[in-house]
Amino acid sequence: MLFDTHVHLNVEQFREDREEVMQRAKQAGVEYMVVVGFDHETIPKAIELAENNDNMYATVGWHPVDAIDMTEKELNWLEELVEHPKVVALGEMGLDYHWDKSPKDVQKEVFRKQIRLAKKVEMPIIIHNREATEDIIEVLQEENAAEVGGIMHCYNDSADYVQECLDMNFFISLGGPVTFKNATLPKEVAKVVPLDRLLIETDCPFLAPHPNRGKRNEPAYVKLVAEKIAELREISFEQVSQATTENALKFFNIER
Ligand SMILES: [Zn+2]
Ligand SMILES: [Zn+2]
């Protein structure tokens, strides 16, 4: 049994064949999924999918790339939505220094506001990090995010930062890049994260694992991520799938 902790089945790329994609996930053993909403369009869609499917849950947050578009109105909206029984975390939120639509200081402010909201409503958070690990850790520490805990989603930086994340009650989630032939960092990370703090995800439709790299990603491929982690840690696939599923159920506070 597998738990894909980060999917975007709520985006345009799955509009035409979403049902088939979900069917293939089931066949691959993917029992649970969390659909991550991150803007005006994807948040309601994430909730709709969670409402209509067993073992599917939603998160709501504001993506750092669009930080410049977030006002008090959006923040209040997120606060209302966390009351929904199938909303299990706030996010994705964080910092993304790859794209320059939103200046860094705006991104940080929007990030801080969402962490404070998470603490207010006592919900864990999902962190999006692109080329910003040190600033992310600084903000999380300053805001005492350890109080709610969270997930470093699709973690893709050096293993050197892993301990600081673990110290803040964070989980490390690995996705497709751990399978890429030339990717050394996530492979190192896959070996050092304690098994009880490890999660897996696809982040589909992005970052499809080898041998599907470059194609549209989908939840069924999370199996390839688990297989690669098992190989790297020299443990069985069952151990990886069982541990990561248990971790995710606990993290999202989902009862079987
Ligand atoms: Zn992300
Ligand atoms: Zn995402």
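Is E12 buried or exposed? E12 is exposed, because its relative accessibility is 53%. The views below come from a predicted model.

**View 1. A salt bridge joins R15 and E12.** The two side chains meet with N and O 3.0 Å apart. R15 counts as exposed, at 51% relative accessibility. E12 is exposed as well, at 53%. The cut-off for this label is over 50% relative accessible area.

**View 2. E218 and R24 form a salt bridge.** Their closest N and O atoms are 2.8 Å apart. E218 sits in the loop between β8 (198–200) and α8 (222–233). R24 belongs to helix α1, residues 18–27. The pair therefore ties together parts that are 194 residues apart in sequence.

**View 3. A network of salt bridges links D17, R24, R216 and E218.** The bridge between E218 and R24 from the previous view has both of its residues in this network. D17 and R216 complete the group of linked residues.

**View 4. K101 and D66 meet through their side chains.** This is a salt bridge of 2.8 Å, N to O. K101 lies in the loop between β4 (87–96) and α4. D66 lies in the loop between β3 (56–60) and α3 (72–81). The contact ties together parts that are 35 residues apart in sequence, because each partner comes from its own loop. K101 is partly exposed, at 43% relative accessibility. D66 is buried, with a relative accessible area of 17%. Buried here means under 20%.

**View 5. The side chain of Q107 reaches the backbone of D96.** A polar atom of the Q107 side chain lies 2.7 Å from the backbone nitrogen of D96. Q107 is found in helix α4, residues 104–121.

**View 6. E134, E138, E164 and D167 form a negative surface patch.** Two helices contribute: α5 (133–142) and α6 (162–167) each supply at least two residues. E134 lies in α5. E134 is exposed, because its relative accessibility is 54%.

Key
Residues numbered from 1 in each chain as written. Chains lettered and ligands numbered in written order. Predicted model: local features only at pLDDT ≥ 70, side-chain atom pairs only at ≥ 80, totals over all residues. Heavy atoms only, no water. Patch = residues over 30% accessible without salt bridge, like charges linked within 9 Å, V, L, I, M, F, W, Y side chains within 5 Å. Areas by Shrake-Rupley, 256 points an atom, 1.4 Å probe, with all protein chains shown as cover. Salt bridge = Lys/Arg side-chain N within 4 Å of Asp/Glu carboxyl O. Lys, Arg positive; Asp, Glu negative; His and termini not counted. Charge placed at Lys NZ, Arg CZ, Asp CG, Glu CD. Helix = DSSP H or I, 4+ residues; strand = E, 2+ residues; numbered from the N terminus. Buried < 20%, exposed > 50% of the residue type's maximum accessible area, 1.4 Å probe, protein only. Polar contact = N/O pair within 3.5 Å; in protein donor to acceptor, adjacent residues only side chain to side chain.
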